[in-house]
Amino acid sequence: MKSKVVVAMSGGVDSSVAAGILLKKGYEVIGITMCFGFKEAGKKKPSCCGIEGIEDARRVAHKLGLKHYVLNFDQVLEEKVIKNFVSEYLCGRTPNPCIRCNEYLKFERLLNKAKSLGAKYLATGHYARIVTRSPGHKVTSKIFLLKKAKDMYKDQSYFLYRLKQEQLKQILFPLGDYTKTQVRKIAADFGLPVKDKPGSQEICFIPDDDYRAFLKHGLTRIFKTRINTDIRPGLILDTSGKVVGEHKGIPFYTIGQREGLGIAMGYPVYITKIDARKNTIVIGRKEEVESIGLIAGDLSFTGEAVKREVALRVKIRYNHPEVSSKITPLDGGKVKVIFSKPQFAVTPGQSAVFYRGNTVVGGGIIDTFDNPR
């Protein structure tokens, strides 16, 4: 029998297959499903974290013969993820809650729970790989490298850039060397009841996938404030400063947005700037949404931090192509990124993730962007 491992089981095919693979390799496997006490009764909850997900995870655990527990993570979700989600939108930024969920729930709180159960590892169904580099004459201990998955289409390394060495050595990603097609086949071979279950593309805590309604509810429930105090209509300006329309509230918009503006200019227009302090939105042509660089803060690195100017590839959001860039450290724990070619819709609040080949170096939260026009 190999070491004990806790698998985060959402009830989806990926985490279910991850559990099955580890069991087949001889690990002692325990399944844990995180549940959340969603506050909006009557709303449709995403399948991954609601009752459906819990029941599917339980059925998979029974099929595989695993111990299975359900733990309530509602409080830490609200404190670490939802409050940030709402406040960032109020500031005219666009957050990525999945990154914070990984950082604070899965690989902090759940990892600690796994260790308290005597497990050596926590495993998830993420498509990514962890590779060890042996000690050398300059390195006295093993180095753990976070790398992209074999299936580049499903690669989720972008969401994992905040993992540190101490965490990487305690984590397993069993699906990193498989494609999604192979995972589906393995699920069928194991006879798992979720083998044909579609993947979830929703944000788990947003009922009906309606983030605007969630923001309104979050303001009154979490921040105890009136909606019309913090979400107010305001002016839409063109890049010359001319008033061309009215928006419904800063949190309902994001950089690069084209749909839902209600403005006819005779040519396609996009949001180029959001100013929460002035409660204004600026629109312009597509080329006016392109940026030559950005400033990022709240940095995190999987190994050594970037301490001098270096050439890396940068991804400014998930499913966005990487671009060769120059990364320069700044005072105050920030970095400046200059792209080799302009990028569309660089968005404050999103993460800029740095790669060297297939290896994740680290990343940070986008603060500002440089527009050459």
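Let me start with contacts: among those in the protein with a separation of 6 or more, 66% join residues 24 or more positions apart. Contact here means heavy atoms within 4.5 Å. This is a predicted model, where local features need pLDDT of at least 70, side-chain atom pairs count only at pLDDT 80 or more, and totals for chains, interfaces and linings use all residues. Residues are numbered from 1 along each chain as its sequence is written, and side-chain values use heavy atoms, with hydrogens and water left out.

Now the overall picture. The protein has eight helices and 17 strands. Those are DSSP runs, numbered from the N terminus: helices are H or I with at least four residues, strands are E with at least two. The C-alpha atoms fill a box of roughly 70 × 60 × 35 Å along the principal axes. Buried residues make up 52% of the 373. Buried means under 20% relative accessible area, exposed over 50%, partly exposed in between, with a 1.4 Å probe and protein chains only.

First helix pair. How do helix 1 and helix 6 cross? Helix 1 is residues 13-24, helix 6 is residues 180-190, and their axes come within 9 Å and cross at roughly 65°. Axes are lines fitted to C-alpha atoms, for helices over the stretch in contact, and angles run from 0 to 180 degrees between N-to-C directions. The two helices are therefore roughly perpendicular. The cut-offs: under 35 degrees is roughly parallel, over 145 roughly antiparallel, 65 to 115 roughly perpendicular, and the rest oblique. The crossing is left-handed. That means the near helix is turned anticlockwise from the far one by less than a right angle; clockwise would be right-handed.

Who touches whom? From helix 1, Val13, Asp14, Val17, Gly20, Ile21 and Lys24 meet Lys180, Val183, Arg184, Ile186, Ala187 and Phe190 of helix 6. By class, that is seven nonpolar, one polar and four charged. Ala, Val, Leu, Ile, Met, Phe, Trp, Tyr, Cys and Pro count as nonpolar, Asp, Glu, Lys and Arg as charged, and the others, Gly among them, as polar.

Look at Ala188, also in helix 6. Ala188 is partly exposed, because its relative accessibility is 41%. Its C-alpha sits 9.6 Å from that of Val17, 171 residues apart along the chain.

Second pair. Helix 3 (residues 74-90) and helix 4 (residues 97-116) pack at about 165°, axes 9 Å apart. So they are roughly antiparallel. This crossing is right-handed. Helix 3 brings Val76, Leu77, Lys80, Val81, Asn84 and Phe85; helix 4 brings Pro97, Arg100, Cys101, Tyr104, Leu105 and Arg109. The classes are eight nonpolar, one polar and three charged.

Leu77 of helix 3 is buried, at 1% relative accessible area. Beyond neighbours within four places in sequence, Leu77 contacts Phe36, Ile82, Leu105 and Phe205.

Which residues other than glycine have a positive phi? Asp298, near 50°, and Ala345, about 55°. Asp298 is in strand 12 (residues 290-301) and is partly exposed at 47%. Ala345 is in the loop between strand 15 (334-344) and strand 16 (351-356), and is buried at 3%.
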